[in-house]
Amino acid sequence: MFLTAGALLMLLAAVQVAVHGGGAVGSLPRRQESLPCTQGFSQEEYSIAVDEELREGQALLTVRFADCGLGDRVLLEVGDAVDFRLGEDGVVYARHALRLADRKRAFLVVRARDQKTKEEWNTRVHLHLRTDGQGETTEHNKQVNSSGAAVIMFPWRSVVVRGDGSLRRVKRDWVIPPINVPENSRGQFPEELVRIRSDRDKNRLLRYSVTGPGADQPPTGIFIINPISGQLSVTKPLDREHISNFHLRAHAVDLNGNQIENPIDIVINVIDMNDNRPEFTHTIYNGSVPEGSKPGSFVMTVTSVDKDDPKTANGMLRYKIISQNPESPSSNMFTINNKTGGIITVAAGIDREKVPQYTLIIQATDMEGNPTYGLSNTATAIIRITDVNDNPPEFTADTFYGDVHENRVNVIVANLTVTDKDQPHTAAWRTVYRITTGDPTGRFSIPTDPTTNEGLVTVVKPIDYEVSRSFVLTVLAENEVALARGIHLPRQSTATVSVRIADVNESPEFSPNPKAIKLEEGLPAGSLLTTFTAQDPDRYMQQNIRYGEERERGEYFRVAHVS
């Protein structure tokens, strides 16, 4: 892999300033000297080749401006402030993730403005889509070694302005744009990435080294450097999902170990490849929706994750429903948000009594759902249709009959049966029976059998056959919860209960009872004390009443029966 385009442009800026003497930073001193200073950018135009996608905070290149002592009077800014920003060191950064695939060429303008005189200088930065994977395409900004690998120079050349307007060349560091290395490379290892060198190796022998995680720190040995040539190489395939970037430092020392250059930071970004399928967080998802729901009603959300970079198409997922079972009343009862995985109803006609449950097969595909290049996986979504009270109870007969003997209580005289298509043993199925007419004194109640849902017509107060020989009750059947909007009770929710009362041979009754008698002492035997009269309540039954007495405390009294 070659040096990224931004690093080469920074190197170019340094070289041009050295030749033309116009930059604020980037020229190599052969000797300290005073040079005439001309305000302006080191180049009228910059050109850089970039990848199709730019990452947030990615450094693109460094622009140089000679202010010739104006200092803070000069304000540097980038024209496209929405997508790019300019650092204090002149490095242009991507403000957020960008995709340039839809355009062949783009450019941005960097401005310098004297805030006092309003004088303005402009330079244009052209962005080209990278076509060869190497970096810049213009010959004058490349530095490569004999093997074709790009070279990173230790930064030494810079120009600053003295107070009198003359120039003095000093050493200054810069930001090296990241080196991009694709993961899962199948190339021959070690694979050359870039060459690190100092221009001081022309007159002395130097030794190069690299430090940091991935080099001399765990995981060690992934990156190595030739100590003599400075060639940095990778020794094995990289895995972005394991480590997404490496931060290394390159060093240059002489044979005595003396530091010749300040260390430079090297960032190696592992470029994502589409090597991971989407994975659903569950194999089976369970959701529910009430029957009769309107189109657009939310059901559930399914979620899939992809270990690939979510900022690239490799990790951008799209969902779709690939099957529905059963396909009733239509094959498209539901739809899914292809980005969020949210499932909603899309058609009317959801009826639990006809289809109590739907099974959907959901597919998630990366590469933004591209069926040719994307990797896919599936999961199952089970949607249970919950019951609403859209079916009233209906009696199985118009009239029910029952019999009961008079004076009996807590006796079931009739069983009322109904049908209800709603889900059994729910509030929408359980029936409440109510007597609307025929029982003004409240002698009956109708509790509900919790198992069979039958109405149990029960006598709760004694009934006198001589007073009421039959009852005709009107009974209304309702559910524990109200019917759904638009549903009304039909005629079949009302029935008649005919109850006949059976006569029982009841005992005669004395009135009054007890009866008080006053008598004088010394009455002779056989004297009439009083007359007891008993009445038989069975008015509709012929009865003969006979009288007798219970003897107690001796035989002082006798009851004579009179027909």
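This note sets out points on the fold, one glycine and several salt bridges of the structure above.

1. The structure is a predicted model, in which local features need pLDDT of at least 70 and side-chain atom pairs count only at pLDDT 80 or more, while totals for chains, interfaces and linings use all residues. Residues are numbered from 1 along each chain as its sequence is written, and side-chain values use heavy atoms, with hydrogens and water left out.

2. The chain contains one helix and 41 strands; these elements are DSSP runs numbered from the N terminus (helices are H or I, at least four residues; strands are E, at least two). Of the 563 residues, 40% are buried, where buried means under 20% relative accessible area, exposed means over 50%, and partly exposed lies in between (1.4 Å probe, protein chains only).

3. Among contacts (heavy atoms within 4.5 Å) between residues at least 6 apart in sequence, 68% join residues at least 24 apart. The chain exposes about 31100 Å², of which carbon and sulfur atoms supply 48%; the areas come from the Shrake-Rupley method with a 1.4 Å probe, and for residues only the protein chains shown count as cover.

4. Glycine 57 sits in the loop between strand 3 (53-54) and strand 4 (59-62). Because its relative accessibility is 36%, glycine 57 counts as partly exposed. Leaving aside residues up to four places away in sequence, glycine 57 touches Tyr93 and Ala94. The C-alpha atoms of glycine 57 and arginine 95 are 5.7 Å apart, although 38 residues separate the two in sequence.

5. The structure holds 13 salt bridges, each defined as a side-chain nitrogen of Lys or Arg within 4 Å of a carboxyl oxygen of Asp or Glu. One joins arginine 73 and aspartate 114 (2.7 Å, N to O). This pair links distant parts of the chain, 41 residues apart: arginine 73 is in the loop between strand 5 (65-66) and strand 6 (74-78), and aspartate 114 is in strand 10 (residues 105-114). Arginine 73 is partly exposed at 30% relative accessibility, whereas aspartate 114 is buried at 3%.

6. The side chains of arginine 113 and glutamate 77 also meet in a salt bridge (3.0 Å, N to O). Arginine 113 belongs to strand 10 and glutamate 77 to strand 6, so the pair ties together parts 36 residues apart in sequence.

7. Glutamate 478 forms a salt bridge with arginine 434, their closest N and O atoms being 3.7 Å apart. The pair connects strand 38 (residues 470-479), which holds glutamate 478, with strand 35 (residues 431-437), which holds arginine 434. Elsewhere, Arg240, Glu241 and Asp272 are linked in a network of salt bridges.
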